[in-house]
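Q: I am new to this structure and would like a close look at one part of it. Could you walk me through a single helix and the sheet beside it?

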Amino acid sequence: MTKSAKTLEFKFERTIPAPPAEVFDAWLNPDIPGTPWHEKDKLIFNPKVDGLWYWLITGTSHYGRFTEIARPNRIQHTWMSKNTLGEESTVTLTFEKKGDGTLMTLLHAGLPDADVAKSHEAGWNYFLDKLTNHFGTSMQRRA
Amino acid sequence: MFNMENLDDIFTAISHSSRRAILGRLAESGPARFTDIAEPFDLALNSVTKHLKLLERAGLIKREKRGREVFISIRGQPLRAAAVWMHDYERFWNKRLDQFEEYFKDKRKKEKKA
C-alpha cells in the first residue's frame, strides 16, 4: 500500500492457475465467487467500455463505469460509494501470462484520504514549527 | 465505528517519533511514572508534557493515581480502530481475491480428477 498526500491506493497480486483469457473472462462474470459483484442484493452490470454498473450490498450502493476492456490483459473501471466520499476512484486489473498461469494485479487508486491528509498536514506543521523554532533560536544565539 | 474527529487526533498523536517511542515504551514495560517516561528522552520536560497531552487527547494513554503517584499506561483500542479504518479496502479486496484464486484451484483439482 502506498500513500500520497491526498489519495490512498491499494495494490494486490495473485497468481492464478489458468491462462490470462480465462481469468479475464471469469473476472467479468459475477457468477464466479471472488469477483467483486458476486455477493449482491442487486446488480446492474454492463461490462463494456462506457458501460455502467450498479451494485447494492448490505444497504450500500456502489456505482461505476468501465473505462478500459482489453481482453485478455487489462480491465479498468471506476468505483464510487459512500466510502469514496463521492469521489470517483479507479480499479485497474492486469493479467499477465506467468508460466502456465496468470499474474493478476489489482490496483485500487484515487481513494480520498481526507482524514489522513489532514493529520499529515498537522504532522508536517508540527515538524516545520519545530524546525523554525530551531533555526530561530540558533540565529538568536549567533546574534 | 468511531468518529472521524477522534481519528484525526489518533493520527496526529502517532505522527511524531517521540510519541511513538513513548507508546512503544509503555506497551513494553507497562504503566510508568512521568519521570520514568521522560528519562530516556533528550527532551525538555515541558515537551514531554506536550507529547503526553496529545497522546491523552487521542485516548492512547490514561493516567491513574496510585497513592501519591500518577501512573501512565497505554490504551490500545484507538490504534486498533485506526488500523481497521485504514484497512477497509485492504480486507475487502484480499477476501475477494482469495476467493477468486480458490475458485480456480478447485476448478483445476476437479479437472485433474475428471
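A: Two strands count as paired if DSSP finds at least two bridges between them, and helices (H or I, at least four residues) and strands (E, at least two) are DSSP runs numbered from the N terminus. This is a predicted model, in which local features need pLDDT of at least 70, side-chain atom pairs count only at pLDDT 80 or more, and totals for chains, interfaces and linings use all residues. Residues are numbered from 1 along each chain as its sequence is written, while chains are lettered from A and ligands numbered from 1 in the order in which they are written.

Let's start with the sheet. In chain B, three strands form an open, antiparallel sheet in the order β1-β3-β2. Its edge strands, each pairing on one side only, are β1 (32-33) and β2 (61-66) of chain B. Six antiparallel bridges join β2(B) to β3 (residues 69-74) of chain B, and B:Lys62 faces B:Ser73 of β3(B) across the pair.

Now for the helix. In α2(B), residues 17-29 of chain B, the buried residues (20 or more other C-beta atoms, placed from the backbone, within 10 Å of their own; exposed means 12 or fewer, partly exposed in between) are B:Arg19, B:Ile22, B:Leu23 and B:Leu26. Seen down the axis of α2(B), these buried residues fall within an arc of 95° (taken from the directions from the helix axis to the C-beta atoms), so they line one face of the helix. The face turned away from that buried side carries exposed B:Ser17, B:Gly24, B:Glu28 and B:Ser29. After α2(B) comes B:Gly30, with a positive phi near 80°.
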